[in-house]
Amino acid sequence: MSRNPVVAVSVADKADDFRTLWIKGTVEFVTEGADEHIDRMAKKYLGQDTYPWRRPGEERVIVRVTPTEKLGRG
């Protein structure tokens, strides 16, 4: 993604394989707010106030996708 920021993401509905969404877009890497984001995810999914597997020196990055095209079926 660093060399080529063009990506595609596909999502399938577990209940209906024919119901899908495809998104094409470009990515940007965001470090601001990434530590707070992982802590919110830890609270939501682990019930912990902070991400428990953080290591010294790690840098969190959010990969933000800006859609340029979308297709869906369902």
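The model is predicted, so local features are reported only at pLDDT of at least 70 and side-chain atom pairs count only at pLDDT 80 or more, while totals for chains, interfaces and linings use all residues. Residues are numbered from 1 along each chain as its sequence is written, and side-chain values use heavy atoms, with hydrogens and water left out.

**Strands**
- Strand β1 (residues 6-13) pairs with strand β2 (residues 16-30) in the antiparallel sense over eight bridges, where pairing requires that DSSP finds at least two bridges between two strands.
- Strands (E, at least two residues) and helices (H or I, at least four) are DSSP runs, numbered from the N terminus.
- A hairpin of two residues joins β1 to β2, and Ala 8 stands opposite Lys 24 in β2.

**Helix α1**
- Helix α1 (residues 34-46) has 13 residues and reaches 17 Å from its first C-alpha to its last, close to the 18 Å expected at 1.5 Å a residue, the expected span being 1.5 Å times one less than the number of residues.
- Ala 34, Ile 38, Asp 39 and Ala 42 are buried in α1, with buried meaning under 20% relative accessible area, exposed over 50% and partly exposed in between (1.4 Å probe, protein chains only).
- The buried residues of α1 fall within an arc of 145 degrees seen down its axis, so they line one face of the helix; the arc is that of the directions from the helix axis to the C-beta atoms.
- Gly 47, whose phi is positive, near 70 degrees, follows α1.
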